[in-house]
Amino acid sequence: DGHVGQLGLGERAGAQEKVKDPTIVPAFQQTSVSEVACGATHALALMGDGSIYAWGQNASGQLGTGDDISRAEPTLVVGVRAVHVRQVVCSDCASVALSAYGDLYLWGEVTWLTQGERGSWWVPRGVPALAGCVWQVSLGPYHVAAVTFAGEIFTWGLGYEGQLGHGDTLDRHVPTRVVL
């Protein structure tokens with residue numbers, strides 16, 4: 001279902017409807033895509049050169065384009081253009097990129113990660129507390145989990161179901177090490 005452009009097929013006839021067969025995204029016919037990540041209504045593509053393209057719904061800034069305009073075709077995420085990205089992840093209304101140097105960048109509806117700050121992050125922002133030490137990242141609907149090069153796990157976000165792994169249901173607004 002491409003009702004908000006999340007298929008990346010543009011405005012062509014039928015692109016906003018259900019597509020039953022695999023279809024090439026026209027913007028990527030002549031280029032190399034390394035990885036793709038899909039959220040509920042948006043998607044990201046990591047290119048061979050480490051750049052990121054985003055498309056779909058953008059009501060919460062999850063495309064990282066600096067605005068809330070949804071896009072039916074892939075658009076470059078400029079906030080991480082100079083950063084060589086090696087992993088991209090999506091949740092319902094947020095996105096994350098992990099650089100080859102272990103730096104995390106978040107954007108979209110991530111106010112559940114911050115204490116007192118409201119609104120979306122319209123462009124990617126770094127996570128200074130984990131700068132240069134993240135090996136892998138995962139993004140849930142309202143929380144983040146990161147594995148460091150040293151093998152430690154850090155989580156933060158909403159903890160109402162115990163999903164942060166700290167033995168309680170408290171929210172964490174900064175990356176907090178999980179003690180195993």
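Reader: Hi! Quick one to start: which residue stands opposite Trp121 in S8?

Author: Hello! That is Gly108. Bear in mind that this is a predicted model.

Reader: Noted. And how do S7 and S8 pair, over how many bridges?

Author: Strand S7, residues 104-108, pairs with S8 in the antiparallel sense, and 3 bridges link the two.

Reader: Which sheet do they belong to, and in what order do its strands run?

Author: They sit in an open sheet of 4 strands, ordered S5-S6-S7-S8, with antiparallel pairing. Strand S5 (85-90) and strand S8 (121-126) are at the edges; each has a single partner strand, so one side of each has no neighbour in the sheet. From one strand to the next, the twist averages 15°.

Reader: Nice. Zooming out, how many helices and strands are there in the protein?

Author: The protein has 0 helices and 12 strands. Reading from the N terminus, the elements go β-β-β-β-β-β-β-β-β-β-β-β.

Reader: Changing topic: which residues touch the most other members in the largest nonpolar core?

Author: Those are Leu104, Leu106, Val144 and Trp156, in a core of 20 residues. Two or more residues each come from strand S6 (94-99), S7, strand S9 (134-139), strand S10 (143-148) and strand S11 (153-157).

Reader: Let's follow Val144. What does it touch, leaving out residues up to four places away in sequence?

Author: Quite a list, friend! Val144 touches Leu106, Trp112, Leu113, Val137, Ser138 and Leu139, along with Phe154, Thr155 and Trp156.

Reader: And what about the second, separate core, which residues does it include?

Author: That core has 15 residues, among them Leu46, Ile52, Leu63 and Tyr105.

Reader: What share of the residues counts as buried?

Author: Of the protein's 180 residues, 47% count as buried.

Reader: How about the surface: what do carbon and sulfur atoms supply?

Author: The protein exposes about 8900 Å², and carbon and sulfur atoms supply 52% of that area.

Reader: Last one, on contacts: of those between residues at least 6 apart in sequence, what percentage joins residues at least 24 apart?

Author: That figure is 42% for the protein. Happy to chat again any time!

Note on methods: Residues are numbered from 1 along each chain as its sequence is written. This is a predicted model: local features need pLDDT of at least 70, side-chain atom pairs count only at pLDDT 80 or more; totals for chains, interfaces and linings use all residues. Side-chain values use heavy atoms; hydrogens and water are left out. Buried means under 20% relative accessible area, exposed over 50%, partly exposed in between (1.4 Å probe, protein chains only). Contact means heavy atoms within 4.5 Å. Accessible areas come from the Shrake-Rupley method with a 1.4 Å probe; for residues, only the protein chains shown count as cover. Two strands pair if DSSP finds at least two bridges between them. Axes are lines fitted to C-alpha atoms, for helices over the stretch in contact, and angles run from 0 to 180 degrees between N-to-C directions. A nonpolar core is a set of buried Ala, Val, Leu, Ile, Met, Phe, Trp, Tyr and Cys residues joined through side-chain atoms within 4.5 Å.
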